[in-house]
Amino acid sequence: MSEPFDTVSTPPSASPAPRRGSNAWLWLLIVLLIAGGGGWYGWREWQHRQIREREAAADADQRLEALDQRVDTLRTNQEAQNRRIVQADSTNRVLRDELHGIGQRAALIEDSVSKLADPDRHGAQAMRLDETELLLTLGQQRLLIAGDLEGARRAYALAGGVLDGIDDPAYLSLRQTLLQETAALKELGIEPRMQAMAKLDALAQTLTLPEETAKQAAPAPAPWWQRAFGSLIETQPVDRTVASHPSDRAAALAGLQLEISLARAAAERRDAAGYRVALKRAERWVQRLSAPSPAQERQLAALRELAALPLSLSVPTLGTTLQQLRQLRTAH
């Protein structure tokens, strides 16, 4: 009954067979360690490479910034250099113009010296001609601008004295022209402006009402009705063109004197229009002061005669000597 349960027993001297599963795990662990070491090494290399790249980028940025600064510095220096070049160009242009002007002045001086050294043109004669031209110019301008007749006469007289010292017969006709122009200046007499002012002053001092006009203007004895009712009724003449009241006459006389003063001021500044307008208003004040009479006519005639006076000189031959002198000097 026990035979079916019999087993075959292993001999005691035989060892157990090795286990294949434990060796596989060991190799897997080694592979994992090797893979982990390779991955860690690769990660470290990647980190080092990133660090090197960042350092290289930072270094490149610094170099680029330094390069930009240098470019800005070069640009600033270039602009400053351009400004210096423009300033130097302007300075050279100014110096060139000044040098050109100096050259022109040197040429003029050389020409003047050559003319003075010319045997046909004596230096003393040239100086006398220059002085004569200057005196003639001064006389003409004094007469035209300032109306100084006496100053013009003295200038022409001095020019004649200087011109007499020239022995050249070519200037004989010039001396004759100067004598004629000097005689024309002497024939002018008193300057018209001064003559008009003197006559205005004399008229202002002598302008008074005649006695007959004053008697006519004296009030007549008042009638009985005016003496009786004068305090109640005031009568006035219809014609008020002639001032009869003393205050009106004083005001009219003051107005007349004012117009004469205005005419004198206009004559002093050679204002012919203002001069004649002021004298025209003075005629109306004379008519206001007195009734028509021979004395009034004489006063009005005197005012009209003053208004007709010229205030400026008129010399048709003025400047002919100067013009002839310049033509002779140009021809020589």
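Let's begin by selecting Asp 59, which counts as partly exposed at 32% relative accessibility. Keep in mind as you look around that this is a predicted model.

**Stop 1: the partner of Asp 59.** Arg 63 and Asp 59 form a salt bridge, and their closest N and O atoms are 3.3 Å apart. Both residues lie in helix α1, four residues apart, or about one turn of the helix. Arg 63 is exposed, with a relative accessible area of 60%. In general, side chains of opposite charge can pair when their charged atoms come close.

**Stop 2: along helix α1.** Why are Asp 89 and Arg 93 separated by about one helical turn? Because they are four residues apart in helix α1. Asp 89 is partly exposed at 36% relative accessible area, and Arg 93 is partly exposed at 40%.

Next, pick out Leu 26, Trp 27, Ile 30 and Ile 34, which make a nonpolar surface patch of about 440 Å². Is Ile 34 buried or exposed? With 59% relative accessibility, Ile 34 counts as exposed.

Stop 3: Select Glu 150 and Arg 153, whose side chains meet in a salt bridge at 2.9 Å, N to O. They sit three residues apart in helix α3 (residues 149-163), about one turn of the helix. Glu 150 is partly exposed, with a relative accessible area of 42%, whereas Arg 153 counts as buried at 17%. The structure holds nine salt bridges.

**Stop 4: the largest nonpolar core.** Time to look inside. Which residues have the most contacts inside the largest nonpolar core? They are Leu 200, Leu 256, Tyr 275, Leu 279 and Leu 306, in a core of 23 residues. Helices α5 (192-206), α8 (246-268), α9 (272-289) and α10 each supply at least two residues of this core. Apart from it lies another core, of 19 residues, including Leu 129, Ala 152, Leu 185 and Leu 325. In soluble globular proteins, nonpolar side chains tend to be buried together.

Zoom in on Leu 200: beyond its neighbours within four places in sequence, it is in contact with Ile 260, Ala 263, Arg 264, Tyr 275, Leu 279 and Leu 306.

Stop 5: Select Ala 307, in helix α10 (residues 294-307). Ala 307 is buried, with a relative accessible area of 16%. Setting aside neighbours within four places in sequence, Ala 307 contacts Tyr 275, Arg 276 and Leu 279. For a distance to check in your viewer, take the C-alpha atoms of Ala 307 and Ala 272: they are separated by 8.8 Å, although the residues are 35 apart along the chain.

Then move to Gln 296, which also lies in helix α10. At 5% relative accessibility, Gln 296 counts as buried. It touches Val 286, Gln 287, Ser 290 and Ala 291, not counting residues up to four places away in sequence.

**Last stop: the whole chain.** Zoom out and colour by secondary structure. The protein chain has eleven helices and zero strands. Buried residues make up 23% of its 332 residues. The chain exposes about 24,200 Å², and carbon and sulfur atoms supply 60% of that.

Note on methods. Residues numbered from 1 in each chain as written. Predicted model: local features only at pLDDT ≥ 70, side-chain atom pairs only at ≥ 80, totals over all residues. Heavy atoms only, no water. Buried < 20%, exposed > 50% of the residue type's maximum accessible area, 1.4 Å probe, protein only. Areas by Shrake-Rupley, 256 points an atom, 1.4 Å probe, with all protein chains shown as cover. Contact = heavy atoms within 4.5 Å. Patch = residues over 30% accessible without salt bridge, like charges linked within 9 Å, V, L, I, M, F, W, Y side chains within 5 Å. Salt bridge = Lys/Arg side-chain N within 4 Å of Asp/Glu carboxyl O. Core = buried A, V, L, I, M, F, W, Y, C linked by side-chain atoms within 4.5 Å.
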